[in-house]
Amino acid sequence: MMTDQQLTQRLEAVNWKDLEHVRQAAKQDPEVFKFIYQKVEEQNDRDVETMARSITDPTMAKIFGDLRRDGVAVWPGLYNDPQFLESARKFVKEVTADVKASISSRKDSQVVKNGYLYGVSEPVEKPANLGVPVYGRTRAQWSSRDMANGHPTMKVVAQDPRIMSILGAYSGRPPAEILVIAEELVPSFAGQEWHLDKWYEQIKAMILLTDCTMKNGPLRLVKGSHRNRSKRIWKMMHDCYAFDPSYCCTSDTAIEEDKCEVFWGTGKAGDCILFDATTLHAGTRCMEGERLDYVYYAISDSLKSQTLLAMLGTGGKS
Ligand SMILES: O=C(O)CCC(=O)C(=O)O
Ligand SMILES: [Fe+2]
């Protein structure tokens, strides 16, 4: 454990007027990184508090409060219109079948078709004779900038003012761009590893299009880990920032050692799970049936995103 005096000495050694020096110091010293990160969050919280005042509807205010406190909140039945669900499910089945067909002949897990990003999360070299897919996750992604050919149900989700105002207030500014992913999860060999999507900022809303029980591969998430960060999370974030900004993950055993409170994203078709993807979270293994969903995710324009991304410097990519 470092004393305040030691931290002060390390911060005093940083030349704060020279951005490149600040970047190098933050890359080399996890304590400098943490100090900057927390300062940026403090500043960003002011924007959040201002935007939060525009949320006056009591249901939305409750969800916003849950999301801020726990890093996750459930809005039951947000999309419970049977016609909407039926139509969205049909589309997700069609588009994910097309993704699999488009990808199967290629030695790649992503392909752009009709301008949209299609992806499967299968390893390129699959173990033989598994009988099931490794991860069983298929995705097709649309951007709000190019939604002209998007499915009507997807457009409704991309433009949903309720999700937009909660996620916008959560980050402190309206999102710069919205992406909607159509996703299918089928029985597989493994679930995802525990991870943070990004080391700086990422907010998502998952709309279940099918009922999701513990057997259908629900999301799992460590409650509160977006703010109440363990040493392990700080280390993951710093490693990701300093060495590999593409992905931030850890192992199951690590979570058990931390004795965390885990949220499970089970629910009914039409429920919406809003979550901060800088919490520690993972998709679990689908054991039977299927899970179909839309994932709404915002490319943030917040002070936090902009400032922390600037900390990567040139050549850094996240
Ligand atoms: O599908 C899930 O349950 C979680 C996937 C995930 O990690 C994400 O969308 O960030
Ligand atoms: Fe994730």
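Reader: How many aromatic pairs does the structure hold?

Author: The structure holds ten aromatic pairs. Two rings of Phe, Tyr or Trp (its six-membered ring) pair if their centres lie within 6.5 Å. Please keep in mind that this is a predicted model, where local features need pLDDT of at least 70, side-chain atom pairs count only at pLDDT 80 or more, and totals for chains, interfaces and linings use all residues. Residues are numbered from 1 along each chain as its sequence is written, chains are lettered from A and ligands numbered from 1 in the order in which they are written, and side-chain values use heavy atoms, with hydrogens and water left out.

Reader: Why is the pair of F33 and W234 called edge-to-face?

Author: Planes under 30 degrees apart count as stacked, over 60 as edge-to-face and the rest as tilted. The ring centres of F33 and W234 are 6.4 Å apart and the planes stand at 85 degrees, so this pair is edge-to-face. F33 lies in helix α3 (residues 30–52) and W234 in helix α8 (residues 231–242), so the pair ties together parts that are 201 residues apart in sequence. Helices here are DSSP runs of H or I with at least four residues, strands are E runs of at least two, and both are numbered from the N terminus.

Reader: And what makes the pair of W199 and Y241 tilted?

Author: Their planes are at 50 degrees and their centres 4.9 Å apart, so this pair is tilted. W199 is in the loop between β6 and β7 (203–208), while Y241 is in helix α8, 42 residues apart. Both pairs belong to one aromatic cluster, formed by F33, Y37, W199, Y200, W234 and Y241.

Reader: How do you know that W199 and Y241 are buried?

Author: Buried means under 20% relative accessible area, exposed over 50% and partly exposed in between, using a 1.4 Å probe and protein chains only. W199 has a relative accessible area of 0%, so it is buried. Y241, at 1%, therefore counts as buried too.

Reader: What sits over the ring of Y241?

Author: The charged end of K27 does, 5.5 Å from the ring centre. The rule asks for NZ of Lys or CZ of Arg within 6 Å of the ring centre and within 35 degrees of the ring normal. R162 lies over the face of Y79 in this way, at 5.5 Å from the ring centre.

Reader: Why does R137 count as buried?

Author: R137 has 7% relative accessibility, so it counts as buried. This residue lies in strand β4 (residues 137–143). Its side chain makes a polar contact with the side chain of E183 at 2.8 Å. A polar contact is a pair of N or O atoms within 3.5 Å; within protein, one must be able to donate a hydrogen and the other to accept it, and residues adjacent in sequence count only if both atoms are side-chain atoms.
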